[in-house]
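These entries record what I looked up in the structure. I took the strands and the helices in turn, and then the domains and a single residue.

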Amino acid sequence: MKITRIFAHRVELPLHETTYKWSGGKSVTVFDSTVVGVETDTGLVGYGEVCPLGPFYLPAYADGVRAGLRELGPHLIGEDPHQLTKLNRTMDAALKGHPYVKSGIDIACWDLLGHATGLPVCELLGGRYGADVHLYRAISQESPEQMAAKVAGYRAEGYRRFQLKVGGNPDTDIARIFAVAAQLQPGDRLVADANTGWVQHEAVRVAKAVRDVDVYIEQPCLTYEECLAVRRQIPHPFVLDENIDDLGILLRAKADLAMDVVNLKISKLGGLTKIKQARDLCVSMGIGMTLEDSWGGDIATAAIAHLAQSTPTEFLFSTTDFNSYGPVSIADGAPQRVNGRMAASTAPGLGIIPKLDVLGKRVVVVE
Ligand code: MG
């Protein structure tokens, strides 16, 4: 099988809650997502999706996905999409860095491999664990009272894991953590995700103020070293996210005992092939994981579901159903949340059929 064409659609994903806000006053109202198609000489087409969390979260931006596809695409025409490790080496040789550009192509090639073999991607990624996986709900940054008031509604949707967006004013963040923690019921889990927003002394101060609260602290500061310094001074279970973007830093963090859980995102690592490496390594090293992406619609959610459900249950801390945060559906067959959980499709590949009328015209074509 050979790749004959790579194309992309641009799709806007608004939010039911109109705005998603996190640390440092950052927010997004409409997500700019890129759906990537990889077409082959057999007529089979595989799909992937890449959606940065705006241009100010990771070193990634929406137009960069499309520009990168135009740059990288010509190097991949004629390559075999089933030889995924080799294809990733070809991508890395042709374009240094820019993992998010490669992510959509790699996901689409896993989708193709699934269609060619008749197997769902989760089975190809190592095997299906359990009937479904549990989801977390991100709580957009608002006042402590507003954030606490959201918990009951999310729990009514079945969520039992809540990721509180903090990383703002430390005193307000302390109030946010206490207010939301007061809403929790037995079995709920709470993560306070600062998304790099605190400086080191503020992070230590916030954590010490909520010393007796059952809460995980996620990525308090900008740098790995600052996070490690905080980690060593506080009692809470600790999650690293933004700093962990390749195997080198993952191994260093394990050696430093720098985290209890790591948040791995498909496009941050560069696709399913590379996140599978990191995921399998975490299982071998005994590290729990939140497995997700920066954002996305139905196709990104399908890829996340296959990754999450192919992970041994005890190592999967949580995962995300981004396709339930907004009203726009871009594919049939994507996982749907049921009682705060979702299941990867049992159909071949990702198990999705893109809605071409929603996706509109192709904005990138390389052939
Ligand atoms: Mg995070």
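**Entry 1: a strand pair.** I began with strand E1 (residues 3–14) and strand E4 (residues 30–40), which pair in the antiparallel sense over 11 bridges. I then looked up proline 14, whose bridge partner in E4 is valine 30. I note here that I am working with a predicted model.

Entry 2: I asked in which order the strands of the open sheet run. I found four strands, in the order E5-E4-E1-E18, with antiparallel pairing. The edges are held by strand E5 (45–50) and strand E18 (362–366). Each of these has a single partner strand, so one side of E5 and one side of E18 are left without a neighbour in the sheet.

Entry 3: I next looked up helix H12 (residues 298–309), which lies across E4 and E5. Relative to E5, H12 runs at about 95°.

**Entry 4: the domains.** I consulted the domain assignment of the protein chain, which gives domain 1 as 3–120 + 354–366 and domain 2 as 124–352. The C-alpha centres of domain 1 and domain 2 lie 22 Å apart. I recorded that 46 residues from domain 1 and 55 residues from domain 2 take part in the contact. The area buried between domain 1 and domain 2 is about 4,100 Å², and carbon and sulfur atoms give 62% of this area.

**Entry 5: helix H7.** I asked which residues of helix H7 (residues 200–209) are buried. I listed Ala203, Val204, Val206 and Ala207 as buried. These residues lie on the same side of H7, because they cover an arc of only 165° around the axis. The packing partners of the buried residues of H7 are H6 and helix H8 (224–231).

**Entry 6: leucine 184.** I located leucine 184 in the loop between helix H6 (170–181) and strand E9 (189–193). Is leucine 184 buried or partly exposed? I classed leucine 184 as partly exposed because its relative accessible area is 22%, whereas buried would mean under 20%. Leaving aside residues up to four places away in sequence, I found that leucine 184 touches Arg155, Phe162 and Leu190. I also looked up arginine 160, which is 24 residues from leucine 184 along the chain. The C-alpha atoms of leucine 184 and arginine 160 are separated by 8.7 Å.

Notes. Residues numbered from 1 in each chain as written. Predicted model: local features only at pLDDT ≥ 70, side-chain atom pairs only at ≥ 80, totals over all residues. Heavy atoms only, no water. Helix = DSSP H or I, 4+ residues; strand = E, 2+ residues; numbered from the N terminus. Buried < 20%, exposed > 50% of the residue type's maximum accessible area, 1.4 Å probe, protein only. Contact = heavy atoms within 4.5 Å. Arc of directions from axis to C-beta. Pairing = 2+ DSSP bridges. Axes fitted to C-alpha atoms, helices over the stretch in contact; angles between N-to-C directions. Domains from an automatic or database assignment. Buried area = accessible area lost by both parts, 1.4 Å probe.
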